[in-house]
Amino acid sequence: MPAECVVCGRDDAALCPACTAVLRRETCSPYRAEQFADALMSVFGHTMLPVVAVGDYRDTLALAILAFKNHGRTELGPPLGRALAGGIAALPRRLPGLEGQRVLLVPVPSTGSGWRRRGYDPVALMLGAVDRERRLPPGMAVAPVLAIRPRLPWRRHHQKGLGRAARRSNVRNSMRIRRRRMGGIRPAMPLAGFAVVIVDDVLTTGSTVREAARTLEEAGAVVCGALVLAAARAPDKGAPGRPF
Ligand SMILES: [Zn+2]
């Protein structure tokens with residue numbers, strides 16, 4: 001099927017070879033990113049939840065994520081999954097407490113409205129591609145044990161456009177542990193004995209991964225940190241912000 005590259009517009013694959021090479025460069029050195037997310041740092045500047053980011057949320061990586069998440073370009077699941085796999089491989093070096101552990105990667109679930117709008121769950125789709133291409137290191141497994149809790153209609157707000165405190169209270173109690181069996185994993189039960197790493201696409205304030213960690217810890221999980229495909233750095237924190 002003919003397609004055009006989501007980054008440069010050339011008639012080619014969803015991501016042309018040149019843009020694939022750029023994407024690879026932008027995602028080749030995963031780094032610790034919690035200091036860019038207000039909700040993950042204490043007032044004293046201590047890390048509350050360590051996060052590894054595969055790249056910055058700008059340029060090619062940002063365009064690819066936007067096309068994948070918001071414009072139905074699901075063909076980008078495999079190339080973005082490959083970038084994510086690089087971050088997964090880097091986890092034991094970047095997060096304390098993972099060495100020698102059996103690790104469960106838990107995707108942050110898509111909100112109900114997100115699901116309805118696009119018909120797929122971007123993070124689960126990427127992790128699925130990683131798993132299918134056998135790019136998970138030994139001792140790691142994907143465990144989609146989190147689900148979105150249906151919201152009371154008057155409490156539904158979009159995260160976008162909300163301030164820091166409002167975002168935090170908006171995500172509070174927004175997730176639950178799945179009761180249904182999924183992907184061969186019996187929810188809740190297998191969390192003991194594993195080191196859990198939460199996986200999300202974009203890190204902004206960090207309130208979503210923090211709420212995911214809270215929900216998992218309440219169920220008895222040992223959460224060692226999170227992995228995101230891209231971190232949005234605020235301009236006042238030393239790097240160019242979003243491209244748009
Ligand atoms: Zn291109």
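This is a predicted model: local features need pLDDT of at least 70, side-chain atom pairs count only at pLDDT 80 or more; totals for chains, interfaces and linings use all residues.
View 1. For comparison, ideal angles for four tetrahedral donors are 109.5 degrees.

**View 2. The edge-to-face pair of Tyr31 and Phe36.** Searching the whole structure turns up two aromatic pairs. In the pair shown here, the ring centres of Tyr31 and Phe36 are 6.5 Å apart and the planes meet at 80°, so the pair is edge-to-face. Tyr31 is buried at 16% relative accessibility, and Phe36 is buried at 12%.

**View 3. The tilted pair of Phe68 and Tyr120.** With ring centres 6.1 Å apart and planes at 50°, Phe68 and Tyr120 form a tilted pair. This pair links distant parts of the chain, 52 residues apart: Phe68 belongs to helix H2 (residues 59-70), and Tyr120 to the loop between helix H4 (112-118) and H5. Both Phe68 and Tyr120 are buried.

**View 4. The buried side of helix H5.** Helix H5 spans residues 122-132, and its buried residues are Pro122, Val123, Met126, Leu127, Ala129 and Val130. These residues lie on the same side of H5, because they cover an arc of only 155° around the axis. Follow the chain just past H5 and you reach Arg134, with a positive phi of about 55°.

**View 5. Arg102 over the ring of Phe194.** Arg102 lies over the face of Phe194, at 4.3 Å from the ring centre.

How values were computed:
Residues are numbered from 1 along each chain as its sequence is written. Side-chain values use heavy atoms; hydrogens and water are left out. Buried means under 20% relative accessible area, exposed over 50%, partly exposed in between (1.4 Å probe, protein chains only). Helices (H or I, at least four residues) and strands (E, at least two) are DSSP runs, numbered from the N terminus. The arc is that of the directions from the helix axis to the C-beta atoms. Rings of Phe, Tyr and Trp (its six-membered ring) pair if their centres lie within 6.5 Å; planes under 30 degrees apart count as stacked, over 60 as edge-to-face and the rest as tilted. A charge sits over a ring if NZ of Lys or CZ of Arg is within 6 Å of the ring centre and within 35 degrees of the ring normal.
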